[in-house]
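This report goes through a structure one part at a time. Terms are defined where they are used.

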Amino acid sequence: MIVLRHKVRKGSFSLDVDVEVPDTGITGVFGESGSGKTTLLRCIAGLEQEDGLPVHKRNVGYVFQDPTLFPHLTVRGNIEYGARRAASHRVDSAPVVDMLGIGDLLDRKPDSLSGGEAQRVAIAAALLRSPDIVLMDEPLASLDRRRKDELLPYFDRLHDELAVPVIYVSHDIDEISRLCDHLILLEDGKVSACGDLFDVISRVDVPMLSGQNAGVVLWATPIGHEDGLTRFDFGDGDIWAPGEFAVDRNPMRLRVAASDVSIVRERPSQTTILNVIRATIEAVHAVDSATALVRLGIGNQDLLARVTNRSIRRLGLKPGDRVFAQIKSVTVRH
Amino acid sequence: MNLFSPLWLSVQLALVTTAVLLLIGTPIAWWLSRTSSRFQPVIQTIVAMPIVLPPTVLGFYLLVLLGPDGAIGSWWVQLTGSALTFSFSGLVIASCIYSLPFAVQPMQNAFEALPQQMLERSRTLGASRLDMFFSVAAPLSLRGFVGAMVLSFAHTLGEFGVVLMVGGNIPGETRVISIAIYDHVETLNYAAAHRMSLVLLAFAFITLFVMFAVNRRWSSR
């Protein structure tokens with residue numbers, strides 16, 4: 001476990017964090033802007049306070065929101081900058097260059113790179129420092145949708161192939177659900193929840209996760225293709241999702257937002273919605289005067305549905321009821 | 001000989017001054033560009049003073065300070081046995097103070113243009129502060145260094161008032177080219193004054209021209 005214990009005051013804002021995160025996998029730090037996410041990373045890196053161990057002696061790999069490569073060096077010079085100053089050389093250059101697909105860029109100057117390419121180079125530079133921990137501060141936030149989609153597969157590979165722990169800051173719940181294994185919720189400089197991603201992300205008692213960001217992540221195995229869709233087995237039934245994903249035995253992550261789930265008493269006979277799943281109501285959490293989040297059991301996993309209190313009254317929904325969940329859209333990790 | 005001795009002295013003074021200013025101006029410029037200290041505006045003002053101060057005023061205070069009875073001058077006499085005023089060493093000190101803003105400001109501007117995050121990145125990649133300065137900040141501030149060197153050199157070459165106050169007019173020691181020109185005019189030797197003035201005029205034009213041309217090429221890249 002890695003202990004993160006940081007206390008710092010900046011004007012009216014104060015950060016007070018004391019949590020343990022696993023020393024493997026990617027730990028997401030999720031919070032609204034101003035919640036102290038970046039400050040937390042800067043504290044870990046030693047950039048925030050002058051006292052304590054100086055920045056260059058803390059073996060961290062920091063990936064900033066903007067890549068800000070060194071313009072006077074080539075891509076090769078940039079990725080070797082950290083390696084040359086590294087205390088140990090546990091990470092080899094060739095596999096990192098290969099993993100991030102920057103082999104063809106090595107002799108170019110940073111000003112000729114696209115935003116996505118530059119960010120990949122910045123990540124390579126951070127990794128080749130052979131850090132004990134990698135800190136990523138919204139590395140995708142400065143990119144447009146297309147560049148982001150282009151870059152995300154590299155992050156999937158990072159997740160699968162990297163041995164160092166990563167702390168990944170983001171305000172995008174989709175990015176977090178796709179990449180992270182653990183999750184820290186930061187609210188106003190304090191940790192409001194912390195733990196396994198699948199557990200934390202479906203919590204309804206945390207304000208940050210009961211609004212727009214409410215939803216769950218399901219584990220499901222791709223088992224077949226039809227009409228440009230992939231059929232996933234989530235253990236107690238099937239879910240269809242757009243895209244053709246390799247059919248193997250490895251489960252994948254499906255993100256289902258609560259706002260994309262509705263509840264019907266009887267299975268509709270004619271509907272455009274593909275995914276209608278048998279479910280049991282486990283709990284109803286009122287969010288505000290108009291809406292509620294309903295936790296639905298589908299076998300071993302849960303769904304969350306955002307519905308109005310009015311509908312709950314009209315249909316007389318209560319825990320224990322057997323219903324159907326209609327899922328309007330599903331996001332797949334890879 | 002008449003032409004070259006004062007010119008050579010001026011060039012020597014300018015070279016030494018430029019070298020010293022590069023050494024002491026760089027840390028001052030770095031501090032001014034990066035600090036959040038509340039003393040920054042005060043130090044900034046003190047450094048900039050020679051731009052607006054009449055050279056005779058600056059020269060007068062320096063004369064008092066560097067003279068054998070002055071705070072620095074008496075210490076120098078104890079140390080070396082000779083006086084700072086009316087000597088080449090005294091001229092160097094005076095020139096350094098007089099030209100300080102011309103060295104500091106181009107460097108400070110260049111340092112201020114460096115993105116803070118780029119510097120922080122180099123620290124997280126394992127560079128100490130000094131390493132960061134030489135591996136990232138300095139190579140990206142070449143323009144500032146060149147500007148500082150050209151301006152300090154040219155400004156020192158043309159200085160008159162401060163030299164006259166502190167250095168006087170000792171051939172081979174403190175008789176720099178601008179003093180020599182003044183001398184020639186005083187003695188109505190206009191031909192000699194013309195020769196020397198023309199050298200300075202040409203020099204001023206060439207330096208500025210080269211600097212602007214280089215700047216233009218740099219910024220169009």
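## Helix α10 of chain B

In chain B, helix α10 (residues 177-186) has Ile177(B), Ser178(B), Ile179(B), Ala180(B), Ile181(B) and His184(B) as buried residues. A residue is buried if 20 or more other C-beta atoms, placed from the backbone, lie within 10 Å of its own, exposed if 12 or fewer, and partly exposed in between. Helices (H or I, at least four residues) and strands (E, at least two) are DSSP runs numbered from the N terminus. After α10(B) comes Leu188(B), with a positive phi near 60 degrees.

The model is predicted: local features need pLDDT of at least 70, side-chain atom pairs count only at pLDDT 80 or more, and totals for chains, interfaces and linings use all residues. Residues are numbered from 1 along each chain as its sequence is written, while chains are lettered from A and ligands numbered from 1 in the order in which they are written.

## Chain B as a whole

Chain B has 11 helices and zero strands. Along the principal axes, its C-alpha atoms fill a box of roughly 65 × 45 × 30 Å. Of its 221 residues, 37% count as buried.

Contacts here are pairs of residues whose C-beta atoms, placed from the backbone, lie within 7 Å. Among those in chain B between residues at least 6 apart in sequence, 72% join residues at least 24 apart.

## Helix pairs in chain B

Two packed helices are described by the angle between their axes and the distance between the axes. Axes are lines fitted to C-alpha atoms, for helices over the stretch in contact, and angles run from 0 to 180 degrees between N-to-C directions. The axes of helix α2 (residues 40-52) and helix α5 (residues 88-112) of chain B come within 7 Å and cross at roughly 110 degrees, so α2(B) is roughly perpendicular to α5(B). Angles under 35 degrees count as roughly parallel, over 145 as roughly antiparallel, 65 to 115 as roughly perpendicular and the rest as oblique. The crossing of α2(B) and α5(B) is left-handed; a crossing is left-handed if the near helix is turned anticlockwise from the far one by less than a right angle, and right-handed if clockwise. From α2(B), Val47(B), Ala48(B), Pro50(B) and Ile51(B) meet Ile97(B), Tyr98(B), Leu100(B), Pro101(B) and Val104(B) of α5(B). This contact has nine nonpolar, no polar and no charged residues. Ala, Val, Leu, Ile, Met, Phe, Trp, Tyr, Cys and Pro count as nonpolar, Asp, Glu, Lys and Arg as charged, and the others, Gly among them, as polar.

For helix α6 (residues 116-124) and helix α7 (residues 129-137) of chain B, the axes come within 10 Å and cross at roughly 125 degrees, which means that α6(B) is oblique to α7(B). Their crossing is right-handed. Met118(B), Leu119(B), Ser122(B) and Arg123(B) of α6(B) meet Met132(B), Ser135(B), Val136(B) and Ala137(B) of α7(B). By class, these residues are five nonpolar, two polar and one charged.

## Asp131(B)

Asp131(B) lies in helix α7 of chain B. Because 15 other C-beta atoms are within 10 Å, Asp131(B) is partly exposed. Its C-alpha atom is separated by 40 Å from that of Leu200(B), 69 residues apart along the chain.

## Contact between the chains

The contact takes 18 residues from chain A and 14 residues from chain B. Helix α6(B) supplies six residues, the largest share of the side of chain B that touches chain A. That side of chain B divides into seven nonpolar, four polar and three charged residues.

The largest nonpolar core has 134 residues, of which Val121(A), Ala124(A), Leu303(A) and Ala325(A) touch the most other members. A nonpolar core is a set of buried Ala, Val, Leu, Ile, Met, Phe, Trp, Tyr and Cys residues joined through C-beta atoms within 7 Å. Helix α5(B) gives the most to this core, with 13 residues.

Leaving aside residues up to four places away in sequence, Val121(A) touches Pro67(A), Leu69(A), Val75(A), Asn78(A), Ile79(A), Ile102(A), Leu105(A) and Leu113(A). In helix α2 (residues 75-84) of chain A, the buried residues are Val75(A), Asn78(A), Ile79(A), Tyr81(A), Gly82(A) and Ala83(A). Their cover includes α3 (93-99) and α4 (115-127) of chain A.

## Positive phi in chain A

Most residues other than glycine have a negative phi. Glu138(A), in the loop between β5 (133-137) and α5 (145-161) of chain A, has a positive phi near 45 degrees. Glu138(A) counts as buried because it has 22 C-beta neighbours inside 10 Å.

Asp188(A) has a positive phi near 55 degrees and is found in the loop between β7 (182-187) and β8 (190-196) of chain A. With 14 C-beta neighbours inside 10 Å, Asp188(A) counts as partly exposed.

Technical notes: Two residues are in contact if their C-beta atoms, placed from the backbone, lie within 7 Å.
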